[in-house]
Structures are given as structure tokens and as C-alpha cells.
Amino acid sequence: MTAPTTGSTGSGALRRHRGRLAVAVAVLLPVVLGGCQLPTFFGYRGSTSQAHDEFRLYAATFIAAIVVGVITATLILWSIIRYRRRSDAIPRQFQQHLGLELAYTIIPVVIVLVLFGFTVYTENIIDTVAPHPAAEINVKAFQWGWQFSYVGQKVSVEGETLNDPDPIGLNGAACAPTDDCLGPGLVVPAGRTVRIILTSRDTIHGFYVPAFNFSRYAQPGWTNRFDLTVQHAGIYRAQCTQFCGLYHSEMFFHVVALPMSQYQAWLSSQRSLTTAAARSGSGVSKPGTATTSPPREATA
Amino acid sequence: MTLLAERQAVHEHPEHHEGPTGLLKWMTSTDHKVIGMNYIVTSLVMFFLAGIMALGIRYQLLSPTGGTSLGKLSNQQFNELFTMHGSLMLYLFAGPFAFGGLANFILPLQVGAPDMAFPRLNALSYWLYLGGSITMVLGFLSAGGAAAFGWVGYAPLSEATFSPGAGPDLWILAIGMTGFSAIFTGVNLVTTTFYLRAPGLTMFRLPLFTWAMLITAILILIAFPILTAAMVMLFADRHFGTHIYTVAGGGVPVLYQNLFWFFGHPEVYILALPYFGIVSEIIPVFSRKPLFGYKGMVFATMAIAALSTGVWAHHMFTTGTVLLPFFSLLSLLIAVPTGIKFFNWIGTMWRGQISFHVPMLFCVGFLFAFLMGGLTGIMLASPPIDFATHDTYFVVAHFHQVLFGTAVFAGFAGLYYWYPKFTGRMLREALGKWHFWLMFIGFWLTFMPQYYVGLEGMPRRVATYDPGLGWQSWNIASSVGALLIGVSFVFLLVNLWVSWRQPVKAGDNPWDGNTLEWFATSPPSHHNFERLPPVRSERPVWDFHHPDALSLQHGTNGNGNGTRRPVGVGTASDDTTS
């Protein structure tokens with residue numbers, strides 16, 4: 001980058017200014033554009049497209065927080081070290097500086113407004129629902145398990161606490177670590193946008209997939225709709241996060257993202273199992289489910 | 001502004017107050033100092049009970065399956081413990097310790113008043129609070145155990161269907177009682193501050209602690225009636241089938257969350273502002289400088305209080321029922337006045353002569369703790385980041401750093417600072433420093449690992465967790481930190497015991513204080529003041545003891561700058577009421 005030269009006397013200052021701007025841009029540009037090049041800051045980069053957007057905001061906020069935190073902590077440390085009591089003399093009794101006070105009012109307002117701008121931008125992306133999702137899945141939470149019903153597919157999977165209905169015949173072997181496969185499995189097509197329609201049968205539960213950087217309450221009498229676009233096939237552990245009673249800690253589930261063809265095959269295999277079960281008159285005991293608990297009233 | 005005519009002359013009262021002594025005095029007194037001490041002792045008992053419960057929680061989380069080979073808690077026991085830990089800390093310690101204990105004792109002294117405006121209402125507040133506290137703890141003795149639905153008691157989990165039994169009812173009743181107690185205390189504090197100020201003590205000469213308590217009291221009057229109403233409705237749901245929060249009868253579960261957090265978020269600042277006030281008292285005294293940016297501090301306090309009534313739904317970002325940008329913006333904006341406070345505290349220490357007595361050490365601990373808690377708070381005010389971390393240990397770490405920073409670091413700074421005034425005795429410095437350093441190390445060791453496991457996805461309020469995710473070592477670190485915090489408080493208890501058995505006289509003004517309470521005797525006499533110094537600034541006692549310091553003045557807070565007449569020694573009676 002070559003700075004344009006001018007003949008004016010202020011060119012030096014101008015050049016210096018531009019140089020500083022260039023440095024600032026060089027530092028910030030990767031943050032803004034290439035979130036994936038950043039360290040993870042202890043979080044998840046995210047396995048859905050929505051999670052990627054969240055991660056970029058998280059990383060930028062984390063950096064801003066470190067900068068503000070380091071500056072403030074340095075000022076505190078400097079004060080307590082430099083101004084330890086050295087004599088009995090009474091220090092100068094100054095108690096105001098209007099310019100300084102205005103500065104540390106206005107600068108934080110600007111920082112906060114910038115952060116707010118990025119926040120709104122990101123949350124609008126995350127909360128956008130596609131007009132034609134590849135699949136729509138009704139998720140019903142209950143004490144203490146999950147039911148996943150595939151809209152228009154006549155397939156429903158239900159499981160409780162630590163039981164694993166093993167919906168795709170993984171036998172635990174494909175789960176590494178095995179803890180990722182606790183609870184019932186929510187099978188979704190990878191690379192496609194999936195609509196989740198979330199509600200609860202009894203108390204409030206939390207639909208939370210750590211790798212998706214996302215959670216949403218499942219509430220009785222209220223339906224939340226949101227989209228997930230899982231980018232790669234895989235298994236993602238998940239758990240209820242909103243405290244819901246005695247077995248809250250064991251209310252697991254997991255998301256299984258399959259390539260579209262395998263997803264379709266899984267759906268039809270589930271359908272045939274269901275119809276076979278219905279034909280043999282075995283009632284609700286569908287293979288692939290673990291509805292062994294006594295029926296619970298949806299009182300709430 | 002100051003109402004000279006309404007002040008009661010001290011000498012109308014007998015010099016030697018005849019009254020009951022011993023236990024009867026503690027039970028029947030309407031003296032704000034006695035009631036304040038009652039509050040402090042009761043709330044500290046609640047603090048220690050809740051702290052022991054926290055150790056129980058941390059014991060359970062030592063291993064993924066719970067506890068150690070010595071035994072583990074059942075899910076029900078664990079759920080009761082974290083519910084009661086949160087409830088005791090928030091409803092029965094952090095609030096009452098500040099506005100019932102410290103404010104009750106100190107605020108009338110700081111405004112130069114003989115007592116609170118309504119002494120008998122004050123006594124009623126305490127007895128309601130004590131009754132509520134006992135009621136809540138009694139839940140453990142009920143057949144079904146104590147309440148086990150978290151300190152927020154979200155409906156419908158707290159409805160009779162999902163949480164039957166007497167424990168939850170006692171919990172609701174206890175919150176109702178302490179709610180009324182807080183409202184009465186709020187009325188008292190507001191009235192006392194407005195009507196019982198000493199001559200010359202204009203609003204902009206009030207000590208920052210009094211300012212903080214005034215604004216806190218107004219927040220109490222806004223927030224606590226909502227909580228009490230929400231609890232009455234919950235009780236009606238449980239027993240009269242009103243279906244206010246249940247879908248079955250056409251009710252709306254999320255209504256409970258709206259009501260609760262409309263109380264709950266101002267409550268967070270009810271638990272924070274008094275402690276900001278304490279820090280704003282202690283830092284100037286130990287830096288030997290006036291508070292930097294006094295008016296900015298007052299307006300920042302007001303701004304925090306005002307904003308805090310419009311941010312409740314940031315606890316509900318993941319419900320999908322709230323307008324995200326509105327609550328996000330207001331929540332983020334709270335960072336601005338909070339930042340102003342931080343820089344004012346730094347400005348106060350700047351170029352001072354800071355002596356690190358125990359109260360000042362605790363204040364510095366508060367600054368670091370609250371800085372960390374505040375920064376993660378800004379992250380959580382952004383809904384997308386909240387989606388990723390809501391109800392995980394990240395949030396647990398955040399609010400513990402905020403509340404521990406305020407209620408514990410700043411709260412115990414206040415206790416160490418005013419203990420000489422309460423009792424006329426000093427606490428031992430060495431034991432206090434042990435207390436501080438153990439607690440400071442324990443604090444970081446406890447909560448920093450919780451941020452990490454939270455970002456990894458560990459949900460809060462779980463009695464067991466996945467063994468295969470590598471969370472155990474972080475949880476062990478956290479539990480060790482909690483134990484250190486617990487041990488640090490043994491030093492406080494020893495300190496109190498030593499000062500009881502081998503008293504060291506404190507004198508009236510051991511710290512070279514600024515505000516009127518340091519002009520009273522230690523402990524203050526029955527009606528507090530025999531005489532008052534002239535009040536010409538927000539530091540009347542400093543002015544009185546350092547008449548020459550005026551020449552060092554660089555600027556004032558804007559009250560009569562330039563027209564301040566010098567305060568002569570020996571003019572103490574000049575403006576007093578006696």
C-alpha cells in the first residue's frame with residue numbers, strides 16, 4: 001500500500017495517521033472477515049452455519065473484553081502500587097476533571113453501540129427462518145426426555161434420560177467418545193436447513209447443543225421455531241439446560257447429522273418399522289424408542 | 001432542602017437512656033443500631049448456612065457420578081441444596097445484610113439523625129425478616145424436603161403438580177415475608193434520607209453510601225411488590241387452582257418469568273448498589289483523598305437504577321418471547337455508568353496515599369472481581385452469545401463473580417470498616433489479611449474453571465455430568481477454591497472471637513474517616529450525637545480534623561466552590577442541633 005504524497009505541510013501527520021489506520025485495519029480485518037482463523041477462546045467454532053456467526057461475534061467481543069479488561073486492570077494495579085502510602089503528607093485534594101469524566105462516559109457509549117450493532121446483525125442471521133427448510137421436526141421435551149416427530153414423514157422417536165434408542169444402528173461404536181450418544185437421537189440431514197419446532201409437555205426445558213452455540217427454551221403452551229444448518233455429518237452431544245426437576249442432569253439427547261441419502265434411507269427404515277409394529281398390533285412399542293416409563297400427565 | 005425545623009433536639013431525651021438490657025434489649029429495642037446489629041448477625045448466620053450448602057454442592061461435583069467414595073448426595077438433596085443456597089444468599093443474606101444491617105446502622109449516623117424515621121416499622125421489618133428466614137430454613141424439616149426448583153422458582157416446575165409438599169409453600173411464604181420486610185425498610189431509608197438530614201447536609205453533600213442506599217431503597221419499592229405479588233399468585237395456583245401460570249387453565253407460564261425478573265433484575269442492583277456505596281466510602285478514606293467525580297458517581301448510580309428496571313428480559317433471551325434488541329441495548333448500556341464508577345474509583349486512588357488496611361484490601365479485591373464479572377456480563381448481554389452460554393456454568397461463574405465481588409468482597413470490606421464503630425473495638429489486621437488473601441485466591445480458583453466448563457457446555461444445576469468430557473479436573477479445582485473460601489471465613493470468626501475476648505479500643509475515628517458516623521462515639525450513644533460538626537462539604541469530619549487541608553484543595557464537587565468559608569477548629573457546636 002503506497003500512501004499518496006502531497007505537497008502540503010501536514011502530509012507527514014496525515015501519513016502517520018494513515019499508517020496507524022492501516023495497522024488498525026490489518027489487525028481488525030482478520031477478526032471481522034476470517035473468524036475461522038481465530039483461536040477458539042475456549043468456545044466452539046460451531047458446527048452449524050448459525051453457530052459460525054455466533055462464534056465470530058463471540059470472538060470479537062472476547063477480544064474487546066480482554067482489551068478493556070487489561071486497560072482497567074492495569075490502571076488499578078498502577079494505582080495501588082504507585083500510590084501506596086509513602087508519607088503522612090496529605091495528597092492534593094483534587095476531585096474532578098470534567099474532560100476526563102466526559103471521555104470515560106462517551107467512549108464506553110461508542111463501544112457499546114458498536115457491539116450492539118454487531119449483536120443485532122448476528123442475532124438477525126441466527127433467528128432467520130428459511131421459507132422452505134429441507135426438513136421440519138417437532139421436538140417435544142418432557143420430564144425427562146425428548147420426542148422427535150418428523151413432519152409429514154410418520155416417523156417419531158422418543159427416549160428418556162440415559163437410555164439410548166440408537167436410532168441408526170450405531171451400537172455405540174461410532175460414538176467417540178461414547179458419551180456423545182446419550183439419550184435419544186435427533187437425526188437431521190447434513191448441509192441442509194432443518195426447522196425445529198420446539199415445545200414442552202410439562203415444565204420448561206432447554207434445548208441445548210453445545211457445538212451449535214445455541215439453546216432455546218421448550219415451554220408448555222408456546223412454540224419456538226428456529227433453523228439449524230448442520231454443516232458436516234457427525235454426532236453432536238446435547239442436553240437439557242433449563243432445570244426441570246429430579247432427573248434434569250440426565251436429560252440428554254444427541255443430534256445425528258447424516259448425508260441426505262442416508263437420512264432418507266433412515267426415514268424409510270423407521271417408517272417400515274413403524275408400520276410393521278402397527279400391523280403386528282404391538283401398540284406403541286416401536287423399535288428404536290424407549291418409552292418404557294409410566295405415562296405422565298401433561299398437566300401444565 | 002434541609003429541614004431544620006423537623007429535627008428533634010437531642011437534649012430533649014434523657015442523657016442516660018433507661019431501658020431493658022441483655023436479651024430483652026435485643027428483642028424489644030427500636031433503636032436503629034440494635035436492629036441493625038440484629039440484622040447483621042442474622043444475615044451472617046444465613047450467609048454461613050448458605051456457604052456450607054455451597055460446600056455441599058461443590059462436594060457433589062467432585063466427581064462425574066457425584067461425591068467421593070465416602071458418599072454422595074441424591075438428586076433430590078442436591079436440588080434442595082442449590083435452591084436453598086441461592087435463596088438464602090440472595091433473599092436472606094446479600095440484600096438484608098446491606099439494607100437491613102449496614103444501612104440500618106450507618107445511614108442514620110451518616111445523615112446525622114438520632115434514629116430511623118419510623119423506628120417501630122424498622123423493628124417490624126426485622127421481625128418479619130427473621131420470621132421469613134426461619135420459615136425458609138424450616139423447609140428442610142418438612143416431609144418432602146425443602147424447595148427444589150432453583151432460587152428463581154420458575155412455574156410450572158414450582159406448581160403443585162411438579163413440586164408438591166410443604167417445602168415449596170414455606171419457601172413462597174418466606175419470600176412473601178422478607179419481601180414485606182424489605183419494602184418497610186425501603187420506606188424507612190427513603191424517609192430518613194429525605195427528612196432527617198443534619199443542618200448543612202444538602203443532597204449533594206450526602207455520603208455516597210447514603211446515596212446508594214437511597215437509590216437502592218427506591219428500587220426496593222419498585223421491585224419487591226412485584227415479587228410479592230408473583231409469589232401470592234404462585235401460592236394461589238398451588239392451593240386454589242387459579243391457573244395463572246399453568247397452560248391447562250389458560251394461564252401463561254412465561255408470565256411468571258416476566259414478573260420474577262421484573263423484580264429479579266432490579267434485585268441484582270439492590271444487591272450491588274449498596275456495596276458500590278461501601279466501596280465509594282472506603283477508597284477515599286484510605287487514599288486520603290475526596291471521591292473523584294462525586295456528582296458523576298451519583299448520576300451513575302441513578303442511571304444504573306433507572307436502566308435496571310428495563311433489562312429484566314435479558315434473563316429470558318432464550319425463551320423466544322422477548323424483543324431481543326431492546327433488552328440487549330439497555331443491558332449493554334448499564335456497562336457505561338458501571339464503567340464510570342470504575343474510573344472514578346481509580347481516579348480517587350490516583351496520586352493518593354493509599355494505606356492497605358483490611359477494608360481497603362477487600363475493596364481492591366472487589367475491583368478485580370467485579371471487573372471480571374462485569375466484562376462477562378457485557379458478553380452475556382448480547383443475545384447470540386447468551387444463546388450459546390445460557391444456563392451453563394459460564395453464567396454461574398459470571399453472576400457469582402458479580403455477587404461475590406459485591407456482597408462478599410465489598411460487604412466484608414464494610415464489616416471490617418465499620419466494625420470499630422459498631423463495637424468500639426478493632427479487629428486484628430493480621431487475621432484480616434489471612435482472611436482476605438485466602439478468600440481472594442479461593443475466589444479465582446473457584447470461578448475461573450467454571451467459565452471454562454461452561455463454555456464447554458456444562459449445564460448449571462446438574463448433580464452429575466458426563467465422565468468422558470474432561471470436566472472433572474476443572475470441577476475439582478473449583479471445589480478446592482470453594483474450600484479455601486470456606487477456610488478463609490474461619491479467620492473472620494477467630495478475629496471476631498479475639499476482639500471479643502481481648503478488646504483493643506478503637507476510638508471514635510480510627511480510620512481518619514470523612515463522614516458523620518466517625519464523629520459519634522464508638523459505639524454511638526443512645527441517640528447518636530451530642531454535637532455535630534459544621535457540614536460544609538461531603539466530608540464534614542475530614543474538614544473538621546484537617547482545617548488546613550483546604551489550602552490543598554484543587555477543586556470541589558461544585559458545592560460553594562470558592563465561597564467555602566474555612567472551618568475553624570472549635571466551632572463544633574456552631575451548627576449543631578444540641
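Chain A of this predicted model is divided into domain 1 (15-83 + 95-127) and domain 2 (135-279), with bounds that come from an automatic or database domain assignment. Where the two domains touch, the contact takes 10 residues from domain 1 of chain A and 12 residues from domain 2 of chain A; two residues are in contact if their C-beta atoms, placed from the backbone, lie within 7 Å. On the domain 1 side, helix α2 (residues 49-82) of chain A gives the most, with 5 residues. By class, that side of domain 1 of chain A has 3 nonpolar, 5 polar and 2 charged residues. Here Ala, Val, Leu, Ile, Met, Phe, Trp, Tyr, Cys and Pro count as nonpolar, Asp, Glu, Lys and Arg as charged, and the others, Gly among them, as polar.

Residues are numbered from 1 along each chain as its sequence is written, while chains are lettered from A and ligands numbered from 1 in the order in which they are written. Because this is a predicted model, local features need pLDDT of at least 70 and side-chain atom pairs count only at pLDDT 80 or more, whereas totals for chains, interfaces and linings use all residues.

Chain A has 4 helices and 10 strands; helices (H or I, at least four residues) and strands (E, at least two) are DSSP runs, numbered from the N terminus. Read from the N terminus on, the elements of chain A run α-α-α-β-β-β-β-β-β-β-β-β-β-α. Of the 300 residues of chain A, 38% count as buried, a term for residues with 20 or more other C-beta atoms within 10 Å of their own C-beta atom; a residue is exposed with 12 or fewer and partly exposed in between, with C-beta atoms placed from the backbone. Among contacts in chain A between residues at least 6 apart in sequence, 66% join residues at least 24 apart.

The strands can be followed sheet by sheet. Strands of a sheet pair through backbone hydrogen bonds, either parallel or antiparallel. For pairing, DSSP has to find at least two bridges between two strands. In chain A, 5 strands form an open sheet in the order β3-β2-β1-β5-β8, and the pairing is mixed. Its edge strands are β3 (155-160) and β8 (224-229) of chain A, each of which pairs on one side only. The twist averages 20° from one strand to the next; axes are lines fitted to C-alpha atoms, for helices over the stretch in contact, and angles run from 0 to 180 degrees between N-to-C directions. Within this sheet, strand β1 (residues 135-142) and strand β2 (residues 145-150) of chain A pair in the antiparallel sense over 6 bridges, and Val139(A) stands opposite Phe148(A) in β2(A).

An open sheet of chain A with mixed pairing is also formed by 5 strands in the order β4-β10-β9-β6-β7. At its edges stand β4 (185-189) and β7 (214-218) of chain A, each with a single partner strand, so one side of each is left without a neighbour in the sheet. Neighbouring strands of this sheet are turned by 25° against each other on average, direction ignored. Strand β9 (residues 234-240) and strand β10 (residues 252-258) of chain A run antiparallel and are joined by 6 bridges; the bridge partner of Arg237(A) in β10(A) is His254(A).

Chain B, in turn, has 17 helices and 0 strands. The radius of gyration of chain B, taken over C-alpha atoms, is 24 Å, close to the 25 Å that the globule rule (2.2 Å times the number of residues to the power 0.38) gives for 578 residues, so chain B is as compact as a globular protein of that length. Of these 578 residues, 62% count as buried. Among contacts in chain B between residues at least 6 apart in sequence, 82% join residues at least 24 apart.

Finally, the two chains meet: 85 residues of chain B are in contact with 71 residues of chain A. The largest share of the chain B side, 8 residues, comes from α11(B). The residues on that side divide into 49 nonpolar, 28 polar and 8 charged. As for α10(B), 7 of its 10 residues are buried, so α10(B) is largely enclosed by the rest of the structure. What covers these buried residues includes α3 (98-127) of chain A together with α9, α11, α12 and α13 of chain B.
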